[in-house]
Amino acid sequence: MPEQRKVLLSATDENVRYAVDVLRAGGLVAFPTETVYGLGADALDAAAVLKIFEAKHRPTFDPLILHAESAARAFEVCSEVPDLARTLAERFWPGPLTLVLPKTSNVPDVATSGLPTVAVRVPSHPVAQALLQGLGRPIAAPSANVFGYTSPTTARAVMDDLGQRVDVVLDDGPCPIGVESTVLRIEGKRAFLLRPGGVTLEELGRYVAVETVASVRPAAPESPGQLDAHYAPWTPLYFYEEGASGLDAAAASIVREARASGRARPRLGAIFFGRRSGSEELYDAVENLSASGDLREAATRLFEVVRKLDKMNLDVLVAAAVPEEGIGSAINDRLRRASRRGAPPSEGPIVPA
Ligand code: TXA
Ligand code: MG
């Protein structure tokens, strides 16, 4: 391992070179991508990759994404590359799209959880690119959070979760997109959506009719992005599918319910989107993902807002669905999964519990 420095470093050229040395020596480097911060290791070094799972407390059945500097490099770890994959790569790389393809044998099994496929993506973020070009090998990197918790979109959030367990965190400010990449499995001419994300279904629709995988609940899901409880704060979060209109009523019912069972009035936090004219006094904390109703802005703020509210000692968080269009599908997907914790109130059309 290179000479020890501080963990949190700004992403200067010199610090990026140091981070490359750390990766080469089998260490862990957290770094910004355009979507979220990743927790990286040399993807072809099985022992280094295993450290990612240990640091995140990630179950080893959950495979990682391999990041590469170019499509040519990404496809070097794939044993078959259908034309459709090449077309999507040409259009969307570098960028927030991950393709799942058959893997070559030099990809360690620990990176793919023993699956015959590998997830690959070419990130556009200049710091991610500099690391990849410096290392000259693919970097395996999941989101740099403790498994199951909200993904990090700032270096500070990475430090909160993993500061003690990584060698370097490269800080280059907040991530410009804010939700993870879209994950597609490609089979010949067909594309299956494993996780909505930064590239929207509308954009993909110009190139391929994306099919959705039935949301069955296998013991080892194909993409743990599909796990029910994921992206979740510690504070129970209720997700209101029908949007903002009924959120106040739902919140009021949570308060009534507590009162009826003789409990103290719960401290409520709300996550809104767009213009609103509700009763703010219901809530102890209110965050608006985008007052102007801009879904891109909402995506960039989502995980920081959840993390902020989660630190405020609130009893319950409530969130309303954003419009199910563009990157809104990814926002709703993350909120829906974040809500699978805690007990439901006894009334109100609130999902889930
Ligand atoms: O934007 C992103 O994708 C970020 C940045 C750091 O690149 N990474 C990320 O990684 O979100 P992670 O590990 O949090 O999510 C990767 C998703 C998981 O849902 C995983 O199950 C799925 O991709 N995945 C990886 N390899 C797969 C494979 N061979 N087959 C099916 N799903 C796979
Ligand atoms: Mg993740």
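Helices (H or I, at least four residues) and strands (E, at least two) are DSSP runs, numbered from the N terminus.

**Ground rules.** I am working on a predicted model, where local features need pLDDT of at least 70, side-chain atom pairs count only at pLDDT 80 or more, and totals for chains, interfaces and linings use all residues. Residues are numbered from 1 along each chain as its sequence is written, chains are lettered from A and ligands numbered from 1 in the order in which they are written, and side-chain values use heavy atoms, with hydrogens and water left out.

**Confidence.** I checked pLDDT, the predictor's confidence in each residue, from 0 to 100. The chain averages 91, and 90% of its residues reach 70 or more. Residues 216-220 fall below 50, and beyond near neighbours in sequence this stretch has two contacts in the model; a contact is heavy atoms within 4.5 Å. I also noted residues 342-353, where pLDDT stays under 50 and the model has 25 contacts beyond four places in sequence.

**Helix α4.** I went through residues 83-92 and found L84, A85, L88, A89 and F92 buried. Looking down the axis of α4, I see these buried residues within an arc of 135°, so they line one face of the helix. The arc is taken from the directions from the helix axis to the C-beta atoms. D83 and E90 are exposed on the other side of α4. I then looked up what the buried residues of α4 pack against: α3 (71-75), β5 (97-102), β9 (182-187), β10 (190-195) and α8 (201-204).

P94 sits in the loop between α4 and β5. The peptide bond joining W93 and P94 is cis, with omega about -5°.

**Cores.** I counted a nonpolar core as a set of buried Ala, Val, Leu, Ile, Met, Phe, Trp, Tyr and Cys residues joined through side-chain atoms within 4.5 Å. The largest one has 50 residues, and L88 and L99 touch the most other members. Setting aside neighbours within four places in sequence, I get W93, L97, L99, L184, I186, L204, Y207 and V208 as the contacts of L88. Apart from that core lies another, of 27 residues, with A298, F303, A319 and I331 among them.

**L204.** This residue lies in α8 and is buried, at 0% relative accessibility. Beyond four places in sequence, L204 touches L88, F92, L97, T182, L184, V199 and V210.

**The sheet.** I traced an open sheet of 11 strands with mixed pairing, in the order β1-β8-β2-β3-β7-β4-β6-β5-β9-β10-β11. Its edge strands are β1 (8-10) and β11 (211-212), each pairing on one side only. Two strands count as paired if DSSP finds at least two bridges between them. β5 and β6 (residues 117-121) are antiparallel over four bridges, with L99 opposite V120 in β6. α4 packs on the sheet, touching β5, β9 and β10, and its direction makes about 160° with that of β5. For that angle, axes are lines fitted to C-alpha atoms, for helices over the stretch in contact, and angles run from 0 to 180 degrees between N-to-C directions.

**Strand β3.** In residues 37-42, I found six of six buried. β2 (residues 29-32) pairs with β3 in the antiparallel sense over four bridges, and A30 has L39 as its bridge partner in β3. The two strands make a hairpin with four residues between them. β3 also pairs antiparallel with β7 (residues 139-140), over two bridges, where A41 has A140 as its partner.

**Helix α6.** In residues 126-135, V127, A128, Q129, L131, L132 and L135 are buried. Their cover includes β2, β3 and β7. Just after α6, I noted a positive phi of about 70° at G136.

**Positive phi elsewhere.** Most residues other than glycine have a negative phi. H57, in the loop between α2 (46-56) and β4, has a positive phi of about 55° and is exposed at 53% relative accessibility. S113, in the loop between α5 (109-112) and β6, has a phi near 55° and is partly exposed at 23%.

Technical notes:
Buried < 20%, exposed > 50% of the residue type's maximum accessible area, 1.4 Å probe, protein only.
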